[in-house]
Amino acid sequence: MDRLSNIIAFVTVAETGSFAETARRLNLANSVVSKRVSDLEEYLHTRLLTRTTRHVRLTDAGYLSLLDAGARLNSGDPIDDALFHVVYGAPAVADLPVQYA
């Protein structure tokens, strides 16, 4: 799936706080929304959301990504590689080394 669809799913989940509501708004199955957000997290090599059975919360990286993604989606600016810059503070690089805490 293309990253723009993944980003739209992430932004909508962050705005609604719900995978089910996002699925309803985007006319998708819940599993598709979850997969899109997971694919984006995998692409960025970081967690954007903390999920529990009752709540969805943004991580710090998710919060920063949401601010940037929302602004870019509204302005029409390129968004794909920009999220790497927001998360890592550097230009996007395909083999960017990532350290997990």
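In this predicted model, helix 1 and helix 2 pass each other in a right-handed crossing. The protein holds five helices and two strands, and its elements follow the order α-α-α-β-β-α-α from the N terminus. This briefing covers the helix pair, then helix 1 itself, then the protein as a whole.

**Packing of helix 1 and helix 2**

- The axes of helix 1 (residues 3-16) and helix 2 (residues 19-26) come within 8 Å of each other and cross at roughly 125°.
- On the helix 1 side, the contact is made by I8, A9, T12, V13 and T16, which meet F19, E21, T22, R25 and L26 of helix 2.
- By residue class, this contact comprises five nonpolar, three polar and two charged residues.

**Helix 1**

- The 14 residues of helix 1 should span 20 Å at 1.5 Å a residue, and the distance of 20 Å between its end C-alpha atoms agrees with this.
- Buried positions in helix 1 are S5, N6, I7, A9, F10, V11, T12 and V13.
- Among the residues that meet helix 2 are A9, T12 and V13, and these residues are also buried.
- G17 follows helix 1 and has a positive phi, near 75°.

**The protein as a whole**

- Of its 101 residues, 33% count as buried.
- Among contacts with a separation of 6 or more, 43% join residues 24 or more positions apart.

Technical notes. Residues numbered from 1 in each chain as written. Predicted model: local features only at pLDDT ≥ 70, side-chain atom pairs only at ≥ 80, totals over all residues. Heavy atoms only, no water. Axes fitted to C-alpha atoms, helices over the stretch in contact; angles between N-to-C directions. Helix = DSSP H or I, 4+ residues; strand = E, 2+ residues; numbered from the N terminus. Left-handed = near helix turned anticlockwise from the far one by under 90°. Contact = heavy atoms within 4.5 Å. Nonpolar A, V, L, I, M, F, W, Y, C, P; charged D, E, K, R; others polar. Expected span 1.5 Å × (residues − 1). Buried < 20%, exposed > 50% of the residue type's maximum accessible area, 1.4 Å probe, protein only.
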